[in-house]
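Let's take a friendly walk through a protein model. Have the sequence and the 3D view ready, and follow along as we go.

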Amino acid sequence: MRFNKVLENIQTYEAGKPIELVVREFGIAPEDVVKLASNENPIGTAPAVAEVIRSHADKAHLYPDDSMFELKAALSEKYGVEDDNIIIGAGSDQVLEFISRALLNETESVLMSAVTFAMYEIYAKQMGAKIYRTASYAHKYDEFMKAYRMYHPKIVYICTPNNPTGDATSKEEVLRIIEAVDTDTLVVVDGAYMEYAAAKDARYAITPKELLCYEHVIYLGTFSKAYGLGGMRVGYGIAQSALIKQLYKMRPPFNITTLSLAAAIEAAKDTAFVEKSVALHQDQIKRYEAFAKEHGLRYIESYTNFITYLFPETLDSTEISDGLLKRGVIIRNLASYGMNAIRITVGTAAQNDTFFKHFAEVIA
Ligand SMILES: *Cc1c(COP(=O)(O)O)cnc(C)c1O
């Protein structure tokens with residue numbers, strides 16, 4: 001079989017390792033495995049949301065409301081936008097896919113930071129587009145504009161806060177880039193971790209409403225992180241209605257499930273849960289900063305629900321990740337991003353205790 005040529009240089013996305021794998025390979029009991037690899041919400045699913053999912057269990061034979069009226073109404077209210085400014089995806093990942101399919105082909109290119117969310121590259125490559133990256137993982141105006149003028153990419157990705165590094169770009173800097181870019185280039189502002197950044201420092205808080213005056217910008221948000229619904233796969237894009245209308249042409253019918261839709265509607269209203277998640281996180285991440293300082297490790301100041309530890313040459317991120325895995329601790333090795341570093345999702349107090357215990361032994 002001959003597949004499309006573009007497939008030849010696509011690397012399959014490698015998700016965080018599942019708990020089941022550690023149980024199978026290392027014979028560790030599932031309750032002893034600590035997974036801090038996929039930026040999932042450590043406090044789990046909000047009880048009210050879990051209840052709604054259960055109560056919809058006998059509606060699984062029904063397609064969901066394809067207009068997603070109630071979910072859009074909840075998001076409209078939350079963000080102060082209209083329902084025709086919103087498109088829902090099976091994760092914001094699916095919205096990224098719609099964007100790539102709507103805009104890219106073999107003659108186009110995309111621009112992103114040196115180290116950022118892996119799916120931007122994969123979706124662009126699927127369309128045969130070229131990838132350009134700036135030199136830094138931080139989103140720097142000068143680097144972006146230099147590359148922008150050189151390559152005139154069709155899409156510019158600004159992941160803020162950035163995954164897998166954890167740093168963020170100030171609103172001022174994001175707006176500077178947006179305003180310097182022509183309107184035939186789409187600027188994607190991926191705010192998957194915005195709830196954490198906004199709570200930490202107002203200068204990094206960006207709302208979709210304040211981007212709505214730009215015809216060439218889309219804001220992406222997700223229920224997978226602060227809202228605790230990674231397993232339900234719901235995300236969204238918010239932009240001017242003309243842009244949303246085009247993306248809708250790429251959408252398969254019923255693209256999220258009946259249970260996901262019900263869960264997201266409930267989660268959107270449950271602001272107390274998000275606040276609780278963020279508060280726990282802010283409390284626990286201090287321990288990671290203190291641990292790093294104590295052990296003479298560098299880390300990237302985090303605006304997300306994870307922290308990235310940077311290793312000196314004497315430590316190898318792959319060896320450390322493997323060592324942790326054997327002990328039932330799953331974290332993310334950033335070697336594949338060209339960094340001698342690991343990304344750890346900040347867990348509950350107990351999960352973090354386990355991490356520190358094993359990590360201290362592994363690096364000793
Ligand atoms: C987690 C994440 C997403 C989207 O996740 P979904 O689960 O598909 O909504 C998008 N961008 C970044 C940077 C992420 O970390």
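Which side chain does Glu301 meet in a salt bridge? The partner of Glu301 is Lys200, with 2.6 Å from N to O. Keep in mind that this is a predicted model.

The chain is divided into domain 1, made of 5–45 + 274–363, and domain 2, made of 47–271. The centres of the two domains, taken over C-alpha atoms, are 24 Å apart. On the domain 1 side 29 residues take part in the contact, and on the domain 2 side 37 residues do.

The size of an interface is often given as the accessible area lost when the parts come together. Here, the area buried between domain 1 and domain 2 is about 2,700 Å², and carbon and sulfur atoms give 64% of it. Thr45, Val274 and Tyr303 supply 28% of the area that domain 1 buries against domain 2, more than any other three residues.

What about polar links? Across the interface of domain 1 and domain 2 there is one salt bridge, and 14 residue pairs are in polar contact between these domains. On the side of domain 1 that touches domain 2, two elements give two or more residues: helix H11 (271–294) and strand S10 (306–310). H11 gives the most, with six residues. The residues on this side of domain 1 divide into 11 nonpolar, 15 polar and three charged.

**Around the ligand**

Now turn to the ligand. There are 13 residues around it, and Asp190, Thr222, Ser224, Lys225 and Arg233 come nearest.

| Residue | Part of the residue | Distance to a ligand oxygen |
|---|---|---|
| Ser92 | backbone N or O atom | 2.7 Å |
| Asp93 | side-chain N or O atom | 3.1 Å |
| Tyr193 | polar side-chain atom | 2.7 Å |

**Backbone details worth a look**

Most residues other than glycine have a negative phi, and most peptide bonds are trans. Where can you find exceptions in this model? A cis peptide bond joins Thr160 and Pro161, with omega about -5°. Another cis peptide bond joins Asn163 and Pro164, with omega about 15°. Pro161 lies in the loop between strand S5 (155–159) and helix H7 (171–180), and Pro164 also lies in the loop between S5 and H7.

For phi, visit Asn39, where the value is positive, near 60°. Asn39 is found in the loop between strand S1 (34–35) and helix H2 (47–55).

Technical notes: Residues numbered from 1 in each chain as written. Predicted model: local features only at pLDDT ≥ 70, side-chain atom pairs only at ≥ 80, totals over all residues. Heavy atoms only, no water. Domains from an automatic or database assignment. Contact = heavy atoms within 4.5 Å. Buried area = accessible area lost by both parts, 1.4 Å probe. Salt bridge = Lys/Arg side-chain N within 4 Å of Asp/Glu carboxyl O. Polar contact = N/O pair within 3.5 Å; in protein donor to acceptor, adjacent residues only side chain to side chain. Helix = DSSP H or I, 4+ residues; strand = E, 2+ residues; numbered from the N terminus. Nonpolar A, V, L, I, M, F, W, Y, C, P; charged D, E, K, R; others polar. Near = heavy atom within 4 Å.
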